[in-house]
Amino acid sequence: MKSRLTHLPIHDIELSPSFAADFISEFIKACEKGRAGGDLYHSWKVCIMTYMIGKRMGLSDPGRRELFFASLLHDIGGVMVGGHVVEKLTQVPDVYGQKNDFLIFAHPYRSQTIMRSFPTFRQISKIVGAHHEFFDGSGFPSGLKGEEIPLAARMIRLADSVDITLKLHHIDDLSELLQFLHFSVGEEFDPAVFEAFRELVLGDSLLDMVKDSAEIERNMKKIKSEMNDTYYFASPDTLNRFFRMISIVTDNLTSPSSLHSLNVSDTAVQIAGLMGLPDTELMTIRWTGFLHDIGKLVVDRSVYFKKEKLSEEEWMQIHAHPQLTYDILNMVDGLDKIAFYALYHHENFDGSGYPEHLKGSKIPLGSRILHIADAFEAMTSNRVYQRKKDWLDALDELKKNRGTQFDPEIVDTFVKEFS
Ligand SMILES: [Fe+2]
Ligand SMILES: [Fe+2]
Ligand SMILES: [Fe+2]
Ligand SMILES: [Fe+2]
């Protein structure tokens with residue numbers, strides 16, 4: 001069945017003026033949770049600092065917007081199953097070592113590749129790909145030099161380095177920090193960008209803005225209120241592509257099947273179509289399919305790839321993911337219904353599911369559909385703990401669990417069409 005989503009009017013979802021900024025900042029924050037549960041805030045800090053530098057250097061509104069998204073997403077390719085590239089960078093502080101560490105060396109290019117898959121961010125992807133280039137040409141991955149490096153990437157380089165330097169050296173004294181950075185002016189840093197930074201830290205106490213989590217949250221909120229980015233998603237097709245990009249990033253980090261969310265989304269839309277649900281509902285279900293597992297990004301992602309028996313704590317983490325997905329989506333205006341459907345995508349029809357043990361029609365219809373699509377996808381793709389099932393076997397499995405795990409009527413509709 002062909003999806004009709006690209007022909008839908010976007011006004012079915014009410015996007016706030018800072019929709020992209022809200023969504024991406026929450027998404028990045030989820031990716032950057034440390035193992036102890038606290039937020040790393042690395043990209044948020046880099047974003048706040050570069051945004052202020054950009055303002056100081058007189059960047060236009062569109063330029064600042066580009067800078068905002070590039071700095072938030074600069075390390076998206078450095079989010080790994082077992083951690084974050086920043087943790088590695090603090091262990092390998094010199095550029096020669098960094099070039100010899102494949103994960104570090106390749107992460108700007110990975111960030112660029114991810115962002116290029118979303119055409120609206122193609123321009124921004126070039127900035128992101130160059131954020132470890134040094135002004136004198138000794139950086140990586142391409143050895144670009146001076147003006148060959150986009151200005152925004154030179155700004156990110158400095159802010160990125162500031163955050164890592166502060167992590168590494170516990171510098172409290174401002175003049176000590178400036179002295180430290182000054183060694184690399186003209187080598188790692190663009191002198192003009194350094195000068196703007198120096199004026200900012202001396203005058204407007206830029207470093208206070210990223211001092212602690214409360215200050216970071218407050219300043220990010222303030223910057224986001226200056227954003228007007230809905231034109232990025234002027235059509236449902238663009239929004240569709242954006243959520244698709246997010247789903248691929250999520251699946252690569254949390255699922256043995258890199259197309260998990262995409263397939264769940266397709267199957268769920270097919271079922272919803274067979275049930276005659278209206279177009280707006282199909283759209284909501286498609287996007288919930290793309291986003292339903294983003295809560296899995298939070299904390300320890302390696303648990304989703306484990307072959308060994310899981311501990312009780314690891315099961316608790318797995319069971320927490322629908323709530324975590326909800327928490328992320330709920331921070332973004334306009335995604336309430338998607339957040340709600342995602343929250344209940346692991347509820348079983350007989351009340352034995354999670355997180356709230358809802359039963360029967362108490363579970364939203366969209367969630368019941370997604371639950372079936374999710375299980376079907378899991379059965380028909382290769383998993384660490386099981387080989388994929390044949391299509392017909394998977395349909396049998398759905399039938400076997402009709403009324404207990406799954407809504408019997410939805411199972412019947414699906415099975416009738418595909419067996
Ligand atoms: Fe980086
Ligand atoms: Fe970074
Ligand atoms: Fe899930
Ligand atoms: Fe899933």
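The model is a predicted one, in which local features need pLDDT of at least 70 and side-chain atom pairs count only at pLDDT 80 or more, while totals for chains, interfaces and linings use all residues. Residues are numbered from 1 along each chain as its sequence is written, and chains are lettered from A and ligands numbered from 1 in the order in which they are written.

**Exercise 1.** Locate Phe189 and list what surrounds it.

Step 1: Phe189 sits in the loop between helix H9 (174–182) and helix H10 (191–203), helices being DSSP runs of H or I with at least four residues, numbered from the N terminus.
Step 2: Apart from neighbours within four places in sequence, Phe189 is in contact with Phe135, Arg157, Leu158, Leu181, Ser184 and Phe194, contact meaning that C-beta atoms placed from the backbone lie within 7 Å.
Step 3: Phe134 is 55 residues away along the chain from Phe189, yet their C-alpha atoms are separated by 6.4 Å.

**Exercise 2.** Describe how H17 and H19 cross, and which residues make the contact.

Step 1: The axes, which are lines fitted to C-alpha atoms over the stretch in contact, come within 10 Å for H17 (residues 365–380) and H19 (residues 408–418) and cross at roughly 50°.
Step 2: H17 and H19 are therefore oblique to each other, a class left over once angles under 35 degrees (roughly parallel), over 145 (roughly antiparallel) and 65 to 115 (roughly perpendicular) are set aside.
Step 3: The crossing of H17 with H19 is right-handed, and Arg368, Ile369 and Ile372 of H17 make the contact with Ile410, Val411 and Phe414 of H19.

**Exercise 3.** Decide how the buried residues of H19 are arranged around its axis, and what covers them.

Step 1: Ile410, Val411 and Phe414 are buried in H19.
Step 2: Seen down the axis of H19, these buried residues fall within an arc of 100°, so they line one face of the helix.
Step 3: The cover over the buried residues of H19 includes helix H13 (260–274), H17 and helix H18 (391–400).

**Exercise 4.** Describe the crossing of H2 and H11.

Step 1: The axes of H2 (residues 42–56) and H11 (residues 213–225) come within 10 Å and cross at roughly 55°.
Step 2: H2 and H11 are therefore oblique to each other.
Step 3: Trp44, Lys45, Ile48 and Tyr51 in H2 meet Ile216, Asn219, Met220 and Ile223 in H11.

Conventions
Axes are lines fitted to C-alpha atoms, for helices over the stretch in contact, and angles run from 0 to 180 degrees between N-to-C directions. Helices (H or I, at least four residues) and strands (E, at least two) are DSSP runs, numbered from the N terminus. A crossing is left-handed if the near helix is turned anticlockwise from the far one by less than a right angle, and right-handed if clockwise. Two residues are in contact if their C-beta atoms, placed from the backbone, lie within 7 Å. A residue is buried if 20 or more other C-beta atoms lie within 10 Å of its own, exposed if 12 or fewer, and partly exposed in between; C-beta atoms are placed from the backbone. The arc is that of the directions from the helix axis to the C-beta atoms.
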